Amino acid sequence: MNKAVYPGSFDPITSGHLDIIKRASRFVDKLIVLVCTNPKKQSLFSIQKRVKMIENNILDLPNVEVNICQGLVVDFLKVKDIELIIRGLRAISDFEEEFKMALMNQKLKEDTETIMLVAKGKYQYLSSSAVKEVAQFNGCIKDLVPKNVEQELKNKF
Ligand code: ADP
C-alpha cells in the first residue's frame, strides 16, 4: 500500500492546506495529515482543536486520516513504516526551508522521499499566520479557510 504523511502545524488549517490534502489523496492509497508541535511557533489553537478542525473537512475523503506528532516526523514514519512525505510549496520563499527539511529528513531516515506539490496560484499568498492576522483585526477571511475554521477564528478574537 502506497502511504504518505502530510506534516505541518495547521494552526489553523487553511484552504491552501486543504487543497494539498485533496490533491495528494488522489495519488496515494492512504494519506495521514500529521499535526505537529513546532517549538519555533507559539500556537493559537490547541493540538486537539487543530485536529478536529481538519477532521471536519475531510469527511468526503475516506483514505485520509489525522494523527498527532509530538516529536520528529521521521520517528512517526519509522513506527508506521512510511517513506513518503508530502509538502506544499508556495513561491520562492518556501523553497529553501523545504529543501533543508527534505535533506535533513533524508539524513535521519535514508529512505525518506519528499514530494512537494506546487500551491495553486490563488493560494500562493495564503498562510495560517496571515489568516490569523487578518482575523484578529476583523478582516474578511471567507474562502481563505474552511467555514468551521472561520467560525473558530471569530470565536477566538
Ligand atoms: P509548517 O509549520 O511545518 O510550515 P504549515 O502548517 O504552515 O506547517 O504548513 C504545512 C505545509 O503546507 C508546508 O509544506 C507548507 O509549505 C504548506 N502550505 C502552507 N500554506 C500553503 C498554501 N497556501 N498552499 C499550499 N501549501 C501550503
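Contact here means heavy atoms within 4.5 Å, and it is in this sense that helix 1, strand 2, strand 3 and helix 6 are among what covers the buried residues of helix 2. The model is a predicted one. Its largest nonpolar core has 33 residues, and the ligand is surrounded by 18 residues.

**Nonpolar cores**

- Within the largest nonpolar core of 33 residues, those with the most contacts are Ile 21, Leu 31, Ile 54 and Ile 86.
- Two or more residues of this core come from each of strand 1 (3-8), helix 1, strand 2 (30-36), helix 2 (47-55), strand 3 (64-69), strand 4 (84-89), helix 5 and helix 6.
- Ile 21, when its neighbours within four places in sequence are left aside, is in contact with Tyr 6, Ile 13, Leu 31, Val 33, Ile 54, Ile 58, Leu 61 and Val 64.
- There is also a second, separate core of 10 residues, and Ile 32, Cys 36, Cys 69 and Ile 85 are included in it.

**Helix 2 and helix 5**

- In helix 2, the buried residues are Ile 47, Arg 50, Val 51, Met 53 and Ile 54; because they cover an arc of only 165° around the axis, they lie on the same side of helix 2.
- In helix 5 (residues 128-136), the buried residues are Ser 128, Val 131, Lys 132 and Ala 135; these cover an arc of only 100° around the axis, and therefore they too are placed on the same side of their helix.
- The general rule behind such a pattern is that an α-helix has 3.6 residues a turn, so residues three or four places apart point the same way.
- The cover over the buried residues of helix 5 includes helix 1 (15-25) and helix 6 (147-156).

**Ligand site**

- Of the 18 residues that surround the ligand, the closest are Tyr 6, Ser 9, Phe 10, Lys 41 and Gly 88.
- The side chain of Tyr 6 has an N or O atom 2.7 Å from an oxygen atom of the ligand, and a backbone N or O atom of Gly 88 is likewise placed 2.7 Å from a ligand oxygen atom.
- For Asp 94, an N or O atom of the side chain is 3.4 Å from an oxygen atom of the ligand.
- On its own the ligand has 550 Å² of accessible area, and the protein covers 91% of this.

**Loops and backbone features**

- The loop between strand 1 and helix 1 contains Pro 12, and the peptide bond that leads from Asp 11 to Pro 12 is cis, with omega near 0°.
- Asp 81, in the loop between helix 3 (73-80) and strand 4, has a phi near 55°, which is a positive value in a residue other than glycine; because its relative accessibility is 62%, Asp 81 counts as exposed.
- Lys 142 is found in the loop between helix 5 and helix 6 and, at a relative accessible area of 47%, is partly exposed.
- Although Lys 142 and Val 131 are 11 residues apart along the chain, a distance of 9.9 Å separates their C-alpha atoms.

Definitions and conventions. Residues numbered from 1 in each chain as written. Predicted model: local features only at pLDDT ≥ 70, side-chain atom pairs only at ≥ 80, totals over all residues. Heavy atoms only, no water. Buried < 20%, exposed > 50% of the residue type's maximum accessible area, 1.4 Å probe, protein only. Helix = DSSP H or I, 4+ residues; strand = E, 2+ residues; numbered from the N terminus. Arc of directions from axis to C-beta. Near = heavy atom within 4 Å. Polar contact = N/O pair within 3.5 Å; in protein donor to acceptor, adjacent residues only side chain to side chain. Areas by Shrake-Rupley, 256 points an atom, 1.4 Å probe, with all protein chains shown as cover. Core = buried A, V, L, I, M, F, W, Y, C linked by side-chain atoms within 4.5 Å.
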